[in-house]
Amino acid sequence: MEINWGKFLLKQNSKKYFAYQSWWTDLGTHSRLSVFRDIKSSIEFEPYLYNVTVNDYRVAYTRFRCSAHCLFIEEGRYCNIPRDDRKCTLCTMGVVEDEFHFLCMCPLYTDLREFLLKGILVTSLLIQESSSN
């Protein structure tokens with residue numbers, strides 16, 4: 001039996017396209033996956049899954065990406081608190097405690113953010129320096 005490779009490949013690509021469309025549409029229907037939707041644009045293996053070698057860090061990062069964390073944006077969902085009322089209780093900014101607020105804005109974590117960003121900057125500079133030698 002002879003296989004028509006052109007027809008076979010077209011059929012396979014069509015299946016992948018429709019699977020992708022279905023996946024992307026499903027992501028859009030779940031507000032819980034808003035962060036995941038913002039950072040994930042294709043169906044593929046994520047490099048952090050093998051680049052982050054400490055299992056606890058990899059699990060924490062994955063949970064954060066999938067909104068499986070304890071920020072009030074998620075915790076309030078289970079108590080039927082309206083999204084706009086899920087304010088950060090750790091600061092006085094009066095804003096929703098979501099992933100962006102937690103990572104970038106909450107004053108409680110300013111020192112930690114500065115410490116971690118300095119570490120990232122130093123590591124980045126060391127990598128640049130070693131790659132230019």
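This is a predicted model: local features need pLDDT of at least 70, side-chain atom pairs count only at pLDDT 80 or more; totals for chains, interfaces and linings use all residues.
**View 1. Arg86, a buried arginine without a salt bridge**. R86 sits in the loop between helix 5 (72-78) and helix 6 (99-105); helices are DSSP runs of H or I with at least four residues, numbered from the N terminus. A polar atom of the R86 side chain lies 2.8 Å from the backbone oxygen of I81. Beyond neighbours within four places in sequence, the contacts of R86 (heavy atoms within 4.5 Å) include F72, I73, G76, V95 and E97.

**View 2. The aromatic cluster of F64, F102 and Y109**. Rings of Phe, Tyr and Trp (its six-membered ring) pair if their centres lie within 6.5 Å; planes under 30 degrees apart count as stacked, over 60 as edge-to-face and the rest as tilted. The count is two aromatic pairs. F64 and F102 form a tilted pair, 6.2 Å centre to centre with 40° between the planes. This pair links F64 in helix 4 (residues 55-65) to F102 in helix 6, 38 residues apart. F102 and Y109 are edge-to-face, at 5.0 Å and 70°. F64 is buried at 18% relative accessibility.

**View 3. Helix 7 (residues 110-132)**. One of its 23 residues is buried, so helix 7 lies largely in the open.

Residues are numbered from 1 along each chain as its sequence is written. Local features need pLDDT of at least 70, side-chain atom pairs count only at pLDDT 80 or more, totals for chains, interfaces and linings use all residues, and side-chain values use heavy atoms, without hydrogens and water.

Key:
Helices (H or I, at least four residues) and strands (E, at least two) are DSSP runs, numbered from the N terminus. Buried means under 20% relative accessible area, exposed over 50%, partly exposed in between (1.4 Å probe, protein chains only). Lys and Arg count as positive and Asp and Glu as negative; His and the chain ends are not counted. A salt bridge is a side-chain nitrogen of Lys or Arg within 4 Å of a carboxyl oxygen of Asp or Glu. A polar contact is a pair of N or O atoms within 3.5 Å; within protein, one must be able to donate a hydrogen and the other to accept it, and residues adjacent in sequence count only if both atoms are side-chain atoms. The expected span of a helix is 1.5 Å times one less than its number of residues.
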